Amino acid sequence: MTDHAEAIAGAEKCLDDFMVAFNARDVKAWEATFNFPSVRLASGTLSIIDKPGWHPDDMFTRGALSDWDHSAWERREVIHAGENKVHFDTRFARYRADGSLIGHFDSIYVVTLEDGHWGVKARSSFAP
């Protein structure tokens with residue numbers, strides 16, 4: 001039986017890139033960390049993100065992110081892993097510019113390998 005170390009490393013790098021791009025407010029780079037279509041379940045809503053360009057450029061200045069400055073992973077534990085898919089139990093935190101905590105959010109991320117690209121395929125969180 002294999003431990004899928006290579007798949008886990010690729011999926012973890014995808015999540016690293018996801019957070020770096022998100023914190024940089026670089027929507028294009030952030031969307032490059034997805035495999036489309038991608039699914040998001042949060043705030044009681046299921047969203048299917050069909051392709052890049054779905055996220056508005058002002059997403060960082062309104063709604064739940066209006067007071068947000070940056071985020072950080074607090075936990076990323078592999079639940080299941082295969083050659084082309086890794087499930088993660090995660091927790092991330094959102095912070096204001098002064099470093100004060102907005103909140104911690106438990107979530108599940110599914111990262112897949114499609115056409116040689118590791119990307120976020122599905123995520124479910126308790127984040128607003």
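Student: How much accessible surface does the protein have, and what share belongs to carbon and sulfur atoms?
Tutor: About 7100 Å², and 53% of that belongs to carbon and sulfur atoms. Accessible areas come from the Shrake-Rupley method with a 1.4 Å probe, and for residues only the protein chains shown count as cover. Keep in mind that this is a predicted model: local features need pLDDT of at least 70, side-chain atom pairs count only at pLDDT 80 or more, and totals for chains, interfaces and linings use all residues. Residues are numbered from 1 along each chain as its sequence is written, and side-chain values use heavy atoms, with hydrogens and water left out.

Student: What percentage of the residues count as buried?
Tutor: 38% of the 128 residues. Buried means under 20% relative accessible area, exposed over 50%, and partly exposed in between (1.4 Å probe, protein chains only).

Student: OK, new topic. How many helices and strands are there?
Tutor: Two helices and six strands. These are DSSP runs numbered from the N terminus: helices are H or I with at least four residues, strands are E with at least two.

Student: In what order do the strands sit in the sheet?
Tutor: The open sheet of six strands goes E2-E1-E6-E5-E4-E3, with mixed pairing. Two strands pair if DSSP finds at least two bridges between them. The edge strands are E2 (45–49) and E3 (70–81), each pairing on one side only.

Student: How many bridges join E3 to E4, and do they run parallel or antiparallel?
Tutor: Ten bridges, and the two run antiparallel. One example: Ala81 has Val86 in E4 as its bridge partner.

Student: Let's zoom in on Ser107. Buried or exposed?
Tutor: Ser107 is buried, at 3% relative accessible area. Ser107 sits in strand E5. Its side chain makes a polar contact with the side chain of Thr90 at 2.3 Å. A polar contact is a pair of N or O atoms within 3.5 Å; within protein, one must be able to donate a hydrogen and the other to accept it, and residues adjacent in sequence count only if both atoms are side-chain atoms.

Student: How many salt bridges does the structure hold?
Tutor: Eight. A salt bridge is a side-chain nitrogen of Lys or Arg within 4 Å of a carboxyl oxygen of Asp or Glu. One of them joins Asp67 and Arg96, with the closest N and O atoms 2.5 Å apart.

Student: Where in the chain are Asp67 and Arg96?
Tutor: Asp67 is in the loop between E2 and E3 and Arg96 in the loop between E4 and E5, so the pair ties together parts 29 residues apart in sequence.
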